[in-house]
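Work through these exercises with the structure open. Try each task before reading its solution.

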Amino acid sequence: MFRRCLLGAVLLGAGLCFALGYRLPWRDRHPDWPAFPRTTNPRLVVEKIPDFAARYGRRFPAVLARPWARQDDFADVYRLNLRHVRALGYQVTENHFEPRFSLGLHWTSPNDPGRSEGLPTRVGFYTEGYVYVQLRLGEETACFKLPSFGPEGEMVRFYQYNVPRSCGDTLYLRYWDSDYRVVCR
């Protein structure tokens with residue numbers, strides 16, 4: 001009887017861990033793949049463009065409107081073009097338990113009614129790992145990986161400005177707050 005109860009408690013505990021977001025960790029599936037902006041194909045060169053809006057703003061009008069537009073609107077315009085960058089999969093390498101729980105018991109003074117205190121409620125596992133990505137320009141392909149905190153975490157940071165047709169064209173894209181060009185050498 002004791003063994004059955006112990007086995008039930010272990011299975012219930014394991015089920016609760018998985019329900020809170022725990023994923024089985026594995027080793028890095030592709031340890032030889034570099035992190036972006038480096039790639040596995042030396043023919044595809046990724047270069048950062050610090051003054052992208054000044055140089056290419058007339059070619060891509062939404063880039064000039066970006067500081068005044070909502071970031072979501074900008075993302076929706078260019079995320080539709082994300083054809084040359086695609087995710088190949090996600091691999092969890094670590095889990096971190098987050099025991100942050102707030103009961104909402106906080107004291108505010110009557111003179112400060114808009115002040116919000118207290119920690120957000122988040123109890124569960126945060127996963128860390130890599131998103132494996134393939135970059136394609138014409139017939140050339142390259143692979144790289146991105147450190148990520150979830151399966152969809154990093155791909156939502158990519159925006160593609162244009163749709164190149166061949167390896168001789170240049171691919172312009174954005175990752176986080178930086179703009180890049182991809183050329184085939």
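**Exercise 1. Leaving aside neighbours within four places in sequence, find the residues in contact with Arg181. Then place Arg181 and describe its polar contacts.**

Solution. 
- Step 1. This is a predicted model. In it, Arg181 touches Val45, Val46, Glu47, Ile49, Arg55, Tyr56, Thr170, Leu171 and Tyr172, once neighbours within four places in sequence are set aside.
- Step 2. Strand β7 holds Arg181.
- Step 3. Its relative accessible area is 18%. Buried means under 20%, so Arg181 is buried.
- Step 4. Look for polar partners of the side chain. The side chain of Tyr56 makes a polar contact with that of Arg181 at 3.1 Å.

**Exercise 2. Classify the ring pair Phe52 and Tyr161, then say which parts of the chain the pair ties together.**

Solution. 
- Step 1. Two values are needed: a pair of aromatic rings is described by the distance of the centres and the angle of the planes.
- Step 2. The structure holds 12 aromatic pairs.
- Step 3. Locate both rings. Phe52 sits in helix α2 (residues 52-56), and Tyr161 in the loop between β5 (158-160) and β6 (171-175). The pair therefore ties together parts that are 109 residues apart in sequence.
- Step 4. Check burial. Phe52 has 1% relative accessibility and counts as buried. Tyr161, at 4%, counts as buried too.

**Exercise 3. Is the ring pair of Phe144 and Phe158 stacked, tilted or edge-to-face? Which aromatic cluster includes Phe144 and Phe158?**

Solution. 
- Step 1. The ring centres of Phe144 and Phe158 are 6.2 Å apart, with the planes at 45 degrees.
- Step 2. Stacked needs under 30 degrees and edge-to-face over 60. The pair of Phe144 and Phe158 is therefore tilted.
- Step 3. The pair links distant parts of the chain, 14 residues apart: Phe144 is in strand β4 (residues 140-148) and Phe158 in strand β5. Both Phe144 and Phe158 are buried.
- Step 4. Widen the view. One aromatic cluster is formed by Phe36, Phe144, Phe158, Tyr175 and Tyr180.
- Step 5. Follow Phe36 along the backbone. The peptide bond from Phe36 to Pro37 is cis, with omega near 20 degrees. Pro37 belongs to the loop between α1 (2-19) and β1 (44-49).

**Exercise 4. Which residue lies over the face of Trp176, and which lies over the face of Tyr130? Describe the setting of Trp176.**

Solution. 
- Step 1. Arg157 lies over the face of Trp176, at 4.1 Å from the ring centre.
- Step 2. Over the face of Tyr130 lies Lys145, at 4.6 Å from the ring centre.
- Step 3. Trp176 is in the loop between β6 and β7 (178-184). With a relative accessible area of 42%, Trp176 is partly exposed.
- Step 4. Inspect the backbone. Trp176 has phi near 55 degrees, a positive value in a residue other than glycine.

**Exercise 5. What separates the C-alpha atoms of Glu128 and Tyr90? Is Glu128 buried, partly exposed or exposed?**

Solution. 
- Step 1. Find Glu128 in strand β3 (residues 122-137).
- Step 2. The C-alpha atoms of Glu128 and Tyr90 are separated by 9.8 Å, while the two residues are 38 residues apart along the chain.
- Step 3. Glu128 has 23% relative accessibility and counts as partly exposed.

Methods: Residues numbered from 1 in each chain as written. Predicted model: local features only at pLDDT ≥ 70, side-chain atom pairs only at ≥ 80, totals over all residues. Heavy atoms only, no water. Phe/Tyr/Trp six-rings, centres within 6.5 Å; stacked < 30°, edge-to-face > 60°. Helix = DSSP H or I, 4+ residues; strand = E, 2+ residues; numbered from the N terminus. Buried < 20%, exposed > 50% of the residue type's maximum accessible area, 1.4 Å probe, protein only. Lys NZ or Arg CZ within 6 Å of the ring centre and 35° of its normal. Polar contact = N/O pair within 3.5 Å; in protein donor to acceptor, adjacent residues only side chain to side chain. Contact = heavy atoms within 4.5 Å.
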